Amino acid sequence: WVDMLLCRHGLYWFIPAYILLYLLAPVLNAYLSHASRKQVATTLVVFYAFQWIYGFAFDEEPVFKFGYSALSFVGLYLPAQYLRQYWAEQAARKRLLCLVVYLLCAVVLAGLGFAAAYFDVNCGRIHVIAYNNPIVVLESAALLLLFTGFRFRSKTVNFISASAFSVFLLHLNPFFYFQVFKPAISAFGRDYPAVEAFFLIAAFLIAVFALAVLLDRIRIFIWKPIEKRLFHKS
């Protein structure tokens, strides 16, 4: 329980990494606001060249941990801001291109993932979905630019997205992950034909997502009065 609450176990690596990125964000924003476009582009090229060579291709720099670290998060934050600042307007006019790039990357990654699983290449499977995989970064950039040009509002989306983090917390909770989530997914893939397994896994994932949102709505209902009493005193 202590390891879980303090995020000391590997499954919750995202939380301390994201908190550190949050603390560094003002510094990164200050750099982006004062540096020229060429300076930022040069920084990104150098950073990703180093990460791809030492952290991905040769896997010799453990600090990157397949991109699962605060340092790699900094490497994701900077290009996201760069793309939003300098490429958003162009991308809004080229949504089809962004969609095509995203789908091509997804197909390539899926193919590599299936090949790694078929030939039982464990490390290969991790590399396929790693955050420092250049194809993953390109795919993410294309998806970001694709949605940059959209303008819409939805109460339903806002309602669900407010609890998105709870999906991560439930999905990778050590008790839930090892006792329920992973055994269920393995059983579906092992005991059912491929098509049936696909739909069973999809339904199970939707159910887990819905359960996480429901639990978080209970948390929000309990927390709101406390928040109002603590932070909104007149």
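Which backbone oxygen does the side chain of Ser166 reach? The side chain of Ser166 reaches the backbone oxygen of Ala212, at 3.2 Å. Welcome to a predicted model, in which local features need pLDDT of at least 70, side-chain atom pairs count only at pLDDT 80 or more, and totals for chains, interfaces and linings use all residues. Residues are numbered from 1 along each chain as its sequence is written, and side-chain values use heavy atoms, with hydrogens and water left out.

**The overall picture**

- Along the sequence, the pattern reads α-α-α-α-α-α-α-α-α-α-α-α.
- A box of roughly 65 × 50 × 40 Å, taken along the principal axes, is filled by the C-alpha atoms of the protein.
- The protein has 234 residues, and 32% of them count as buried; buried means under 20% relative accessible area, exposed over 50%, and partly exposed in between, using a 1.4 Å probe and protein chains only.
- Of the contacts between residues at least 6 apart in sequence, 71% join residues at least 24 apart; a contact means heavy atoms within 4.5 Å.

**Around Ser166**

- Ser166 sits in helix H10, which covers residues 164–171.
- Ser166 counts as buried because its relative accessibility is 11%.
- Leaving aside residues up to four places away in sequence, Ser166 touches Ala212, Val213 and Asp216.

**Salt bridges**

- Side chains of opposite charge can pair when their charged atoms come close.
- The protein has 3 salt bridges, each being a side-chain nitrogen of Lys or Arg within 4 Å of a carboxyl oxygen of Asp or Glu.
- Asp216, one of the residues that Ser166 touches, forms a salt bridge with Arg219, at 2.9 Å from N to O.
- Both Asp216 and Arg219 belong to helix H12 (residues 194–231), where they are 3 residues apart, about one turn of the helix.
- Asp216 is buried, at 8% relative accessibility, whereas Arg219 is partly exposed, at 42%.
- Lys224 and Glu227 also join their side chains in a salt bridge, at 3.9 Å from N to O.
- Because Lys224 and Glu227 are 3 residues apart in helix H12, about one helical turn separates them.
- Lys224 is partly exposed at 48% relative accessibility, and Glu227 is partly exposed with a relative accessible area of 25%.
- Arg190 and Asp191 form a salt bridge whose closest N and O atoms are 3.2 Å apart.
- Arg190 counts as exposed, at 58% relative accessibility, while Asp191 counts as partly exposed, at 48%.

- Ala57 belongs to helix H3, which spans residues 37–57.
- With a relative accessible area of 53%, Ala57 is exposed.
- Ala57 and Leu144 are 87 residues apart along the chain, and their C-alpha atoms are separated by 25 Å.

Notes:
Helix = DSSP H or I, 4+ residues; strand = E, 2+ residues; numbered from the N terminus. Polar contact = N/O pair within 3.5 Å; in protein donor to acceptor, adjacent residues only side chain to side chain.
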